[in-house]
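The sequence and structure come first.

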Amino acid sequence: MYNSTESGIKLVARPTCDAEPDLLAGRELDDLVVKGPVEDVIFRVSPSRPWTHDSIVQTLNHADVVRAVHGDVANAYLGDHWIGSTEI
């Protein structure tokens with residue numbers, strides 16, 4: 001289970017059951033980073049308040065991210081921890 005975004009990035013950070021880890025836990029103040037197909041940073045934003053799962057989805061739905069990804073391969077990270085991809 002994942003959250004889809006308008007940028008095409010699907011997030012796996014939110015646990016779907018009690019046995020799964022919450023990939024957001026402990027990373028709520030890390031930068032949200034989107035990297036392109038050659039691991040180049042195409043979007044980066046620092047949180048103005050701690051990230052929630054919903055605020056990450058909302059940010060990845062923003063027109064700037066949609067334009068940056070533009071149908072290409074992209075991966076999303078909180079800091080250096082992977083939380084989603086267009087290839088899921």
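## The largest cavity

The largest cavity is lined by N3, L11, A13, R14, H53, I56, V57 and I83. Lining residues have an atom within 4 Å of a cavity point, a cavity being a set of points on a 1 Å grid over the protein atoms alone where a 1.4 Å probe fits but cannot get out. The lining comprises 5 nonpolar, 2 polar and 1 charged residues. Here Ala, Val, Leu, Ile, Met, Phe, Trp, Tyr, Cys and Pro count as nonpolar, Asp, Glu, Lys and Arg as charged, and the others, Gly among them, as polar. With 3 residues, α1 gives the most to this lining.

The largest cavity holds about 40 Å³ of space, and the structure has 1 cavity of 30 Å³ or more. Volume is the space filled by probe spheres set on the grid points, which are joined across faces, edges and corners.

## Basis of the model

The model is predicted: local features need pLDDT of at least 70, side-chain atom pairs count only at pLDDT 80 or more, and totals for chains, interfaces and linings use all residues. Residues are numbered from 1 along each chain as its sequence is written, and side-chain values use heavy atoms, with hydrogens and water left out.

Helices (H or I, at least four residues) and strands (E, at least two) are DSSP runs, numbered from the N terminus.

## The nonpolar core

The largest nonpolar core has 17 residues, of which I9, L11, V34, I56, L60 and I83 touch the most other members. Such a core is a set of buried Ala, Val, Leu, Ile, Met, Phe, Trp, Tyr and Cys residues joined through side-chain atoms within 4.5 Å. At least two residues of this core come from each of β3 (32-35), α1, α2 (63-69) and β5 (75-78). The most, 3 residues, come from α1.

Beyond its neighbours within four places in sequence, V34 is in contact (heavy atoms within 4.5 Å) with residues including I9, L60, V65 and V69.

S85 is in strand β6 (residues 81-85). S85 has a relative accessible area of 4% and is therefore buried; buried means under 20%, exposed over 50%, and partly exposed in between (1.4 Å probe, protein chains only). The S85 side chain reaches the backbone oxygen of A74 at 3.4 Å.

S46 lies in the loop between β4 (41-45) and α1 (53-60). S46 counts as partly exposed because its relative accessibility is 48%. The side chains of S46 and D31 make a polar contact (2.6 Å). A polar contact is a pair of N or O atoms within 3.5 Å; within protein, one must be able to donate a hydrogen and the other to accept it, and residues adjacent in sequence count only if both atoms are side-chain atoms.

Technical notes: 1 Å grid on protein atoms, 1.4 Å probe; cavity = no way out; pocket = protein on both sides within 12 Å on 5 of 7 lines; lining within 4 Å.
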